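Hi,

Here is the structure I promised to pass on. Have a look at it first, and then read my notes below.

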Amino acid sequence: LVGLHADYIMSASGDHNYNRISSARQSDIIWPADIIHRIAVQQSLPSFIVRSWADQYGPEAAEIISQLANMPGPVTLRRNALRCDCNENLIRRLQDEDGIGAFVPGSIFKARGSVDSDN
C-alpha cells in the first residue's frame, strides 16, 4: 500500500527528489544516529509519529511515508448547485475554459472528453 501511494505521488508531482535539502548540502549535515530521529528531523515530523510508522511498517517504509506526508495533496472542489446544474457541465467548463482535467468519482471519460456517469 505504501509503495502504491508513493508511485501515485511521484507520478502526480513529477518530482522524484523528495529531500528538502539538496544532496550537496546533505553531506555537510550531521544527522542523528538513531534512524527514527534522523527521519523526524529530515522530514520535520514529530518523532512519535515516525516511531509509530516504523513500528507498524519498518524503518524503510516509515521514511517513505514521512516523505509522502510532506507532499501536497490533490486539489479538490465541490460544485455549487445554484451556479451549475450538473457535474458534467462543470467538468466540460473546466476543460474548455481553463484546460483543467477533472473527474467525478465513478465516472468514465472517453477520449473526446465526453462523460459517461454511473450515477
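What does the pLDDT of the protein chain average, and what share of the residues score at least 70? The average is 75, and 65% of the residues score at least 70; pLDDT is the predictor's confidence in each residue, from 0 to 100. This is a predicted model, where local features need pLDDT of at least 70 and side-chain atom pairs count only at pLDDT 80 or more, while totals for chains, interfaces and linings use all residues. Residues are numbered from 1 along each chain as its sequence is written, and side-chain values use heavy atoms, with hydrogens and water left out.

On the overall layout: the protein chain has six helices and two strands, in the order α-α-α-α-α-α-β-β from the N terminus. Helices (H or I, at least four residues) and strands (E, at least two) are DSSP runs, numbered from the N terminus. Where pLDDT is low, the predicted coordinates should not be read in detail.

Of the 119 residues in the protein chain, 26% are buried. Buried means under 20% relative accessible area, exposed over 50%, and partly exposed in between (1.4 Å probe, protein chains only).

Helix α6 (residues 87-98) is worth a look. Its twelve residues reach 16 Å from first C-alpha to last, close to the 16 Å expected at 1.5 Å a residue; the expected span is 1.5 Å times one less than the number of residues. Leu90, Ile91 and Leu94 are buried in α6. They sit on the same side of α6 because they cover an arc of only 100 degrees around the axis, taken from the directions from the helix axis to the C-beta atoms. Asp96 and Glu97, on the other side of α6, are exposed. After α6 comes Gly99, with a positive phi near 70 degrees.

Last, the cysteines. The structure holds zero disulfides (a disulfide being a pair of cysteine sulfur atoms within 2.5 Å). Cys84 counts as buried at 14% relative accessibility, whereas Cys86 counts as partly exposed at 22%.

Cheers
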